[in-house]
Amino acid sequence: YDREELAFKLHPDTNGNCPKKTKKFQLLAQAHDVLSDASARRTYDREHGFHRTTTTGSSNYNSHNEFYRNVKMNKRGEE
């Protein structure tokens with residue numbers, strides 16, 4: 001999934017009133033806000049132990065989509 005597909009799938013208007021999907025939608029929105037702001041992303045990475053950065057300021061994820069693919073998974077690796 002890319003972010004838009006995942007957001008549509010999890011959005012409260014399209015998820016059949018599923019509380020778990022609504023919570024994931026909220027987390028996805030928060031993640032998007034952080035990833036879209038370089039300063040917020042650096043702060044989040046620093047506060048959550050993601051110290052691996054390059055001179056370009058990138059973190060452990062190669063792309064936003066890689067991060068969003070991980071957001072859709074729970075601890076057991078299920079949707």
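Predicted model: local features only at pLDDT ≥ 70, side-chain atom pairs only at ≥ 80, totals over all residues.
Biologist: Thanks! What percentage of the 79 residues is buried?
Modeller: Buried stands for under 20% relative accessible area, exposed for over 50%, and partly exposed for in between (1.4 Å probe, protein chains only). Of the 79 residues in the protein chain, the buried part is 19%.

Biologist: In what order do the secondary structure elements run?
Modeller: Helices (H or I, at least four residues) and strands (E, at least two) are DSSP runs, numbered from the N terminus. The protein chain has four helices and zero strands. From the N terminus on, the order reads α-α-α-α.

Biologist: Which residues of H1 are buried, and why do they line one face of the helix?
Modeller: H1 covers residues 3-10, and its buried residues are Leu6, Ala7 and Leu10. An α-helix has 3.6 residues a turn, so residues three or four places apart point the same way. Seen down the axis of H1, with directions taken from the helix axis to the C-beta atoms, the buried residues line one face because they fall within an arc of 100°.

Biologist: Where does Asn17 lie, and what is its phi?
Modeller: Good one to look up! Asn17 sits in the loop between H1 and helix H2 (19-35), and this residue is exposed, with a relative accessible area of 67%. Most residues other than glycine have a negative phi. Asn17 is not a glycine, yet its phi is positive, at about 60°.

Biologist: Which residue just after H3 takes a positive phi?
Modeller: The spot to look at comes just after H3. There, a positive phi of about 80° belongs to Gly49.

Biologist: Which residues does Thr22 touch, leaving out those up to four places away in sequence?
Modeller: Thr22 is found in helix H2 and is partly exposed, with a relative accessible area of 21%. Contact means heavy atoms within 4.5 Å. With residues up to four places away in sequence not counted, Thr22 touches Leu10, Pro12 and Asn15.

Notes:
Residues numbered from 1 in each chain as written. Heavy atoms only, no water.
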